[in-house]
Amino acid sequence: MLSVVGLSFVALLLTVGALTLESDRAEYDYFKYHPMDEISSWMVQMEKDHPDVVTVVDYGRTYEKRTISLLKIGLKTEAKKKAVWMDCGIHAREWIAPAFCQYFVRQILHAYKTDDKMAAMLTNMDFYITPVLNIDGYIFSWKDSSTRLWRKNRSPGPSGDCYGVDLNRNFDANWGTVGVSSNCSSNIYCGTGPISEPEAQAVAYFVGSRKEDFLCFLTIHSYGQLLLIPYGHPNFTASNYDELMTVGQGAAEAIWRVHGKKYTVGTSPDVLYANSGSSRDWARMQEIPLTFTFELRDNGTYGFELPEDQIRPTCEEAYSGALHIIAYAHDKTFNGAAAAAAATLWAVLLAAGVSGANLM
Amino acid sequence: MGLRGVIVLVGLMGTTWSFNATTIRPEAVSTDTFARPETTEETTEQKGAVAEEEAVEDVMATGELNPSHYPAQRAAKVVQHYLNTRYGSPYKLFGLKQVQSGNAEDVADSGRKYQLDISVHEIISDTKENCSAEVFFPRGVKQLSPQVQVSSCEELLKIDANSEEEALYQQYKTNKTLRTEKRLPDSYGHIDPEMTPFWHLGIVASSFIMLNESTENTLYNVAQVANITQLTTENDQLKFDCHVLLHDMVSQEIPQWKMLFTWSPAGGVKVLHTEQLPHVHDCEKHPKTN
């Protein structure tokens, strides 16, 4: 009799326990690489777990007709909101990038409940995060060990006998001018024309139709440990180059403070190679002021096959770097008026003080 | 930047967007040229443009170099490959830590010479040291390998891995059973601990190829060792056949090579034969093409 009661009590406890368990503690391992179907399920789960904050938004189709989706994350307000863009997995083999997007989502969803700064940012801005943009390519890279190093999308070439366009050469930003190939076999084949590819079109349409809202555009890649600023074409300098360098250096400093890893900051033509048609350059040309390419770990030892035990530290440092940029963008926009007024007042006082001193 | 500057920049950008494909920048062509030997795309106009671009590059990458910019970084990577060919082993692998300073100068018409101060990292013992090096990239009709000289790196090169190397050597000298089953690393970045010394060996052997193939327009790393098979020991040297995938950062291509090489603690790595595999088009795997 007592044992029956005991068992029922235990069963009751377990049931209650299960109901109150937060679903995001239900074992999604952010420190393992996940195939596309698991990532898609995870996105749906995120929306279920945080219905007031997270919305899955379908915004395009891949060549193979798969739906491209992002997570829109933000707290609902009446005011007009600004936006942050993050995309991962433009290049299929860069598996650490989608891992980072998923980690980033987890972090901001945890942080806003206890961190006032994050709460403010999610109130003033919506985060649009695409965990995998090049879905067809990503799935192909999971097919078997011989496809692991695929980079491009999966659209067939002009004659149907070679596959893939480098999506990060396909955007309408000095398209086809430098750092590209017109040969379909090349891994930097830029396509038949600017945004010829449906994956690039999806981004261009979604961001383009809201471009005034976006404060920053971050595109996540690997490897190389770099923070790249526009433009990829050596003859063009961004109008806010100094600001981009300063904010970039700040992000690199934040990254270094986490695990001591050095990330180099600069334009592509300076620190890597010249290129054209990148999503970052296109975003900057839409006048989104803070656009960065993150090239995550490592420096070539493991390259694209970064060991799973490095997922956590890589994500932690990249999160710190990304947050530096996002917080800067946010503070400039939402505390900017107060800061500008204070700066003007100081300038006036200083000028008065100096002229006063000269008169004496 | 003032308003006038912004207008000029916008004007420039507007002009560029109306450029057509025949004004492809030479750098694009030179990337293409170095990445794939069987280029058929080059037109006379593009070939002429390559010469122009190289002249511009000469001016830019001469004199004191910014250590974090690509010219110094690419030259330093060549030093890494050189060190691995000379001193690498299953238990000794060198990585480039940082470029501290660099200088480049033209040498008559024969090529360009880089002088570098770099910090080098022996990955397995986690030791760092500063080294000085000179890299000479010869210029010519036929693509020649760079020449490297290293100085003041002695401490790093004295790192003692003798007991591990000897143990591995003895284990496999008579027990010729090595045949890898998985790629190194696998898709998840994992390497079986027992296979790690052979991953290192694959990288060291690949360094001969990466060194030979390097130019000022490449940046090579080993992407993956597809397989290593042990062959019969010859002249007291362990002998291996391997298939490696390299990654050239500049072209983003994955050149594939097969190699025959030997190793012993005393002899180091010696490469007997190398063969580049043709660029694999995945259409060849599709049933409908045949």
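Visitor: How is the size of the interface between chain B and chain A to be read, and what share of the buried area lies on carbon and sulfur atoms?

Guide: Chain B and chain A together bury about 4300 Å², with 55% of that area on carbon and sulfur atoms. As a general idea, the size of an interface is often given as the accessible area lost when the parts come together. The model is a predicted one. In residues, the contact draws 54 from chain A and 47 from chain B.

Visitor: Which elements of chain B give two or more residues to the side that touches chain A?

Guide: On that side of chain B, the elements giving two or more residues are helix H1 (3-17), helix H2 (26-35), helix H4 (70-87), strand S6 (220-234) and strand S7 (237-248). The most comes from H1(B), which gives five residues. By class, the residues on this side of chain B are 20 nonpolar, 15 polar and 12 charged.

Visitor: How many salt bridges are counted between chain B and chain A, and how many residue pairs are in polar contact across the interface?

Guide: A salt bridge requires a side-chain nitrogen of Lys or Arg within 4 Å of a carboxyl oxygen of Asp or Glu. Between chain B and chain A the count is zero. For polar contact, 12 residue pairs are found across the interface, both residues at pLDDT 80 or more. Over all chains, the structure holds 24 salt bridges.

Visitor: Which residue forms a salt bridge with Glu316(A), and where do the two residues lie?

Guide: The partner is Arg312(A), with an N to O distance of 3.2 Å between the side chains. Both residues belong to helix H10 (residues 311-334) of chain A and are four residues apart, about one turn of the helix.

Visitor: Over which strands does H10(A) lie, and what is the strand order of the eight-stranded sheet in chain A?

Guide: The sheet is open, with mixed pairing and the order S1-S2-S4-S3-S5-S8-S6-S7. Its edges are strand S1 (54-61) and strand S7 (264-267) of chain A, each pairing on one side only. Neighbouring strands are turned by 20° against each other on average, direction ignored. H10(A) lies across strand S3 (82-88), strand S4 (125-130), strand S5 (214-222) and S8 of chain A, and runs at about 175° to S8(A).

Visitor: In what sense do S6 and S8 of chain A pair?

Guide: Strand S6 (residues 226-229) and strand S8 (residues 290-296) of chain A are antiparallel, with three bridges. Within this pair, Leu227(A) has Phe294(A) in S8(A) as its bridge partner. On side chains, the general idea is that they alternate between the two faces of the sheet in a regular strand.

Visitor: What order do the strands take in the four-stranded sheet of chain B, and which helix lies across S6, S7 and S8 of chain B?

Guide: This open sheet of chain B has the order S6-S7-S8-S9 with antiparallel pairing. S6 and strand S9 (268-277) of chain B are the edge strands, each pairing on one side only. The twist from one strand to the next averages 20°. Eight bridges join S7(B) to strand S8 (residues 256-264) of chain B in the antiparallel sense, and Asp241(B) has Leu260(B) in S8(B) as its bridge partner. Helix H6 (residues 162-173) of chain B lies across S6, S7 and S8 of chain B, at about 100° to S8(B).

Visitor: How many residues stand between S2(B) and S3(B) in their hairpin?

Guide: Three residues separate the two strands, and Ala108(B) in the turn has a positive phi of about 40°. S2(B) and strand S3 (residues 111-122) of chain B run antiparallel and are joined by 12 bridges; Glu105(B) has Lys113(B) in S3(B) as its bridge partner. Strand S2 (residues 94-107) of chain B also pairs with strand S1 (residues 63-65) of chain B, antiparallel over three bridges. There, the bridge partner of Gly63(B) in S2(B) is Ala104(B).

Visitor: Is the peptide bond from Leu184(B) to Pro185(B) cis or trans, and which bond joins Pro230(A) and Tyr231(A)?

Guide: The bond from Leu184(B) to Pro185(B) is cis, with omega near -10°, and Pro185(B) is in the loop between H6 and helix H7 (196-213) of chain B. Pro230(A) and Tyr231(A) are joined by a cis peptide bond with omega about 0°. Tyr231(A) belongs to the loop between S6 and helix H7 (241-259) of chain A.

Notes: Residues are numbered from 1 along each chain as its sequence is written. Chains are lettered from A and ligands numbered from 1 in the order in which they are written. This is a predicted model: local features need pLDDT of at least 70, side-chain atom pairs count only at pLDDT 80 or more; totals for chains, interfaces and linings use all residues. Side-chain values use heavy atoms; hydrogens and water are left out. Contact means heavy atoms within 4.5 Å. Buried area is the accessible area (1.4 Å probe) that two parts lose on being put together, summed over both. A polar contact is a pair of N or O atoms within 3.5 Å; within protein, one must be able to donate a hydrogen and the other to accept it, and residues adjacent in sequence count only if both atoms are side-chain atoms. Ala, Val, Leu, Ile, Met, Phe, Trp, Tyr, Cys and Pro count as nonpolar, Asp, Glu, Lys and Arg as charged, and the others, Gly among them, as polar. Two strands pair if DSSP finds at least two bridges between them. Axes are lines fitted to C-alpha atoms, for helices over the stretch in contact, and angles run from 0 to 180 degrees between N-to-C directions.
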